[in-house]
Amino acid sequence: MYPIFFHFKGGKGVATALGAIAPIGLDLTGMIVVTWLTIVFLCKYSSLAALVTVLLAPFYTWLVKPQYTLPVAMLCCLIVLRHHQNIKRLLDGTELKSARKKPN
């Protein structure tokens, strides 16, 4: 999220979080990926999909391996905090959709 190599600027850590959570279990990874894909398919907002997914990830973790719920929840809280601008744009209705039609 704050890589020294990019002057402490970077993404919001969603893909990195998935990579960190994936070793907990393939079933957990599958639930997370299916949730993200479903929300993107239904709403077309990648940021909304990420937010919904990270809000559900601790619950999924609790179902699969409860001992990892707290670390996953802490990671998810950090991701939600990093999405504060996206949340504001979603509420304002100015967030860009993920799927854009190509001009002819």
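Residues are numbered from 1 along each chain as its sequence is written, and side-chain values use heavy atoms, with hydrogens and water left out. Because the model is predicted, local features need pLDDT of at least 70 and side-chain atom pairs count only at pLDDT 80 or more, whereas totals for chains, interfaces and linings use all residues.

The secondary structure consists of five helices and zero strands, where helices (H or I, at least four residues) and strands (E, at least two) are DSSP runs numbered from the N terminus. Along the sequence the pattern reads α-α-α-α-α. Of the 104 residues in the chain, 28% are buried; buried means under 20% relative accessible area, exposed over 50%, and partly exposed in between, with a 1.4 Å probe and protein chains only. Contact means heavy atoms within 4.5 Å. Among contacts between residues at least 6 apart in sequence, 57% join residues at least 24 apart.

Rolling a probe the size of a water molecule over the atoms shows where empty space is left. On a 1 Å grid over the protein atoms alone, a cavity is a set of points where a 1.4 Å probe fits but cannot get out, while a pocket is an open set with protein on both sides within 12 Å along at least five of seven lines; lining residues have an atom within 4 Å of a point. The largest pocket has a volume of about 220 Å³, a volume being the space filled by probe spheres set on the points, with grid points joined across faces, edges and corners. Its lining comprises 14 residues, of which Val14, Leu18, Ile32, Trp36 and Thr53 lie nearest the centre. Helices H1 (14–21), H2 (26–43), H3 (46–64) and H4 (69–82) each give two or more residues to this lining, and H1 gives the most, with five. By class the lining has 13 nonpolar residues, one polar and no charged; Ala, Val, Leu, Ile, Met, Phe, Trp, Tyr, Cys and Pro count as nonpolar, Asp, Glu, Lys and Arg as charged, and the others, Gly among them, as polar.

Threonine 35 is found in helix H2 and counts as buried because its relative accessibility is 9%. Leaving aside neighbours within four places in sequence, threonine 35 is in contact with Val52, Thr53, Leu56 and Tyr60. In the loop between H2 and H3 stands lysine 44, which has a positive phi of about 70° although it is not a glycine. Lysine 44 is partly exposed, at 32% relative accessibility.

Two packed helices are described by the angle between their axes and the distance between the axes. The axes of H3 and helix H5 (residues 84–92) come within 10 Å and cross at roughly 115°; axes are lines fitted to C-alpha atoms, for helices over the stretch in contact, and angles run from 0 to 180 degrees between N-to-C directions. Here Ser47, Leu48 and Leu51 in H3 meet Asn86, Ile87 and Leu90 in H5, a set of four nonpolar, two polar and no charged residues. Asparagine 86, in H5, is buried with a relative accessible area of 6%. Beyond neighbours within four places in sequence, asparagine 86 is in contact with Lys12, Ser47 and Glu95.

Leucine 70 lies in helix H4 and, at 58% relative accessibility, counts as exposed. The C-alpha atoms of leucine 70 and proline 58 are separated by 7.5 Å, with the two residues 12 apart along the chain.
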